Amino acid sequence: MNANVEAILYLIAAIAFIIGLKRLGSPRTARRGNMISGAGMALAVVVTLVAADRVSWAVLAAGAIIGSLIGAVLALRVKMTAMPQMVAAFNGFGGLASALVVGAEFLKTEGRLVPVEVILTMILSVFIGAVTFTGSMVAYAKLQGLLSGSPITYAGQKIANALLFAGILGFAVWAQATQQSLPFLVVGLISLGLGVLVVIPIGGADMPVVIALLNSLSGMAAAATGFVIDNSALVIAGALVGASGIILSLLMCEAMNRSIANVLFGAFGATAGQPSAPGGGDVHTTTPDDLAIALTYAARRVP
Amino acid sequence: MPAPVIIGIVVFVLASFVGFELIAKVPPTLHTPLMSGSNAVSGITIVGAIVATGIENDTLAAVFAFVAVAAAMINVVGGYLVTDRMLGMFRRPKREESE
């Protein structure tokens, strides 16, 4: 396929993502919006299959069949109440995929001198992808009750995380200078550990914000991967998700009357900040829009 | 013409602004489906995974590509299905109005 045709078709896929996400913002158009976005994804996949110089059909078919089956079974079986953690898990797999794509690309280029900006983007993609993967899995485990939902804290936690991050920077410099796979691999491994450690001190009630943020990260990992393999579909869709995820996590914080810094570094209890009514009842806050949705789609209204 | 990486940065920045603007004012009830829907879009990394299967003569790269394809497909298929299921809850019920 002509590279120009490929770019135009990727653009159409990107437009489908934009329209789809826009329509997800209103209950009446949301379901159709999700389908439009899905059609964009299908188009991007077909274009890639046709345009790629070389594809290993055996590897591709095996991975696609296994992945589709796992994804479909999980999505159709999950209980409605367990949706947020399911989204977290799916998101984690996206981050893992981005990191692995760049890992494979690194192996391909190993031994050849790669421009500085390419190797730095590779390291960035592996870092973000790996943090997204393990961070999302911890979020899943916390909401699923496999891990305690309350914050897990210990002395010197922030210092430990800062040291790990410094370690990543150090190995990144080494990887950049020598272009060897060992420091590159170590960056990936420390990033996996860091992903676990930054999410465990956050309480279960704050997890939706964390999941939105991790979702944003997986978008950025995809965009970075797009820069590495020079693919506009990845760059556009990754940037869309990266930006919308940040806005969404800020909106969620706003709905809870919390700041994002407080959620990430506060290590607050699960019920902190919850208003209480006189007489011990629960207070549910709402917005006019929310109330309208609730009343429109409610099965029964009690006046 | 500027270098491809510069064009990439231009595209990235503009797409980020679109992403910011898309989610300006969404009612909290839709936060979870929206998060799920944009998570499905991040499965676009399947495109990278498909390209990665084409790397020749490297077993480890093939293993990476295989796992990447599987993981990205979990993200794509699971992401869209789960979003659709959530949004299925917003079907207008047939109800008898008593007011």
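**Figure 1. A partly exposed glutamine in a loop of chain A.** Gln179(A) has 18 other C-beta atoms within 10 Å, so this residue counts as partly exposed. Everything shown here and in the other views comes from a predicted model. You'll find Gln179(A) in the loop between helix 6 and helix 7 (181–199) of chain A.

**Figure 2. Another loop, another positive phi.** Asp230(A) sits in the loop between helix 8 and helix 9 of chain A. Phi of Asp230(A) is near 55°, again a positive value in a residue other than glycine. How many C-beta neighbours does Asp230(A) have inside 10 Å? There are 14, so Asp230(A) is classed as partly exposed.

Figure 3. Look for Ser148(A) in the loop between helix 5 (116–144) and helix 6 (157–178) of chain A. Is Ser148(A) buried or exposed? It has 12 C-beta neighbours inside 10 Å, and therefore counts as exposed. Now find Ile200(A): 52 residues separate Ser148(A) and Ile200(A) in sequence, yet their C-alpha atoms are 9.0 Å apart in space.

**Figure 4. Where chain A touches chain B.** The contact draws on 98 residues of chain A and 75 residues of chain B. On the chain A side, several helices supply at least two residues each, among them helix 1 (3–23), helix 3 (57–77), helix 8 (207–229) and helix 11 (288–297). Which helix of chain A gives the largest share of this side? That's helix 9 of chain A, with 19 residues. Sorted by class, the side of chain A that touches chain B holds 61 nonpolar, 26 polar and eleven charged residues.

**Figure 5. Helix 9 of chain A against helix 2 of chain B.** The axes of helix 9 of chain A and helix 2 (residues 31–41) of chain B come within 9 Å, crossing at roughly 160°. That angle is over 145 degrees, so the two count as roughly antiparallel. The crossing of helix 9 of chain A with helix 2 of chain B is left-handed. Residues that meet here include Ala237(A), Leu240(A), Ser244(A) and Leu248(A) from helix 9 of chain A, and His31(B), Leu34(B), Met35(B) and Val41(B) from helix 2 of chain B. Counted by class, this helix-to-helix contact has nine nonpolar, four polar and no charged residues.

**Figure 6. Helix 2 of chain B under cover.** Ten of the eleven residues in helix 2 of chain B are buried, leaving this helix mostly covered. Among the buried ones are Pro33(B), Ser36(B), Gly37(B), Asn39(B) and Ala40(B). What does the covering? It includes helix 1, helix 2, helix 4, helix 8 and helix 9 of chain A, along with helix 4 of chain B.

**Figure 7. Helix 4 of chain B beside helix 2 of chain A.** Here the axes of helix 2 of chain A and helix 4 (residues 59–87) of chain B come within 9 Å and cross at roughly 165°. The two helices are therefore roughly antiparallel to each other, and their crossing is left-handed. To trace the contact, look at Ala30(A), Arg31(A), Asn34(A), Gly38(A) and Met41(A) on one helix, which meet Val76(B), Tyr80(B), Thr83(B), Asp84(B) and Leu87(B) on the other.

**Figure 8. Helix 4 of chain A beside helix 4 of chain B.** The axes of helix 4 of chain A and helix 4 of chain B come within 8 Å, with a crossing angle of roughly 155°. So this pair is roughly antiparallel. Helix 4 of chain A passes helix 4 of chain B in a left-handed crossing. Their contact has 22 nonpolar, five polar and one charged residues by class.

**Figure 9. Inside the largest nonpolar core.** This core has 130 residues, and the ones touching the most other members are Ala237(A), Leu240(A), Ala65(B), Ala68(B) and Val69(B). Helix 4 of chain B gives the most to the core, with 20 residues. Zoom in on Leu240(A): setting aside neighbours within four places in sequence, it is in contact with Phe17(A), Ile18(A), Leu21(A) and Gly219(A), plus Ala15(B), Val18(B), Gly19(B) and Val41(B).

Key: Residues are numbered from 1 along each chain as its sequence is written. Chains are lettered from A and ligands numbered from 1 in the order in which they are written. This is a predicted model: local features need pLDDT of at least 70, side-chain atom pairs count only at pLDDT 80 or more; totals for chains, interfaces and linings use all residues. Two residues are in contact if their C-beta atoms, placed from the backbone, lie within 7 Å. Helices (H or I, at least four residues) and strands (E, at least two) are DSSP runs, numbered from the N terminus. Ala, Val, Leu, Ile, Met, Phe, Trp, Tyr, Cys and Pro count as nonpolar, Asp, Glu, Lys and Arg as charged, and the others, Gly among them, as polar. Axes are lines fitted to C-alpha atoms, for helices over the stretch in contact, and angles run from 0 to 180 degrees between N-to-C directions. Angles under 35 degrees count as roughly parallel, over 145 as roughly antiparallel, 65 to 115 as roughly perpendicular and the rest as oblique. A crossing is left-handed if the near helix is turned anticlockwise from the far one by less than a right angle, and right-handed if clockwise. A nonpolar core is a set of buried Ala, Val, Leu, Ile, Met, Phe, Trp, Tyr and Cys residues joined through C-beta atoms within 7 Å. A residue is buried if 20 or more other C-beta atoms lie within 10 Å of its own, exposed if 12 or fewer, and partly exposed in between; C-beta atoms are placed from the backbone.
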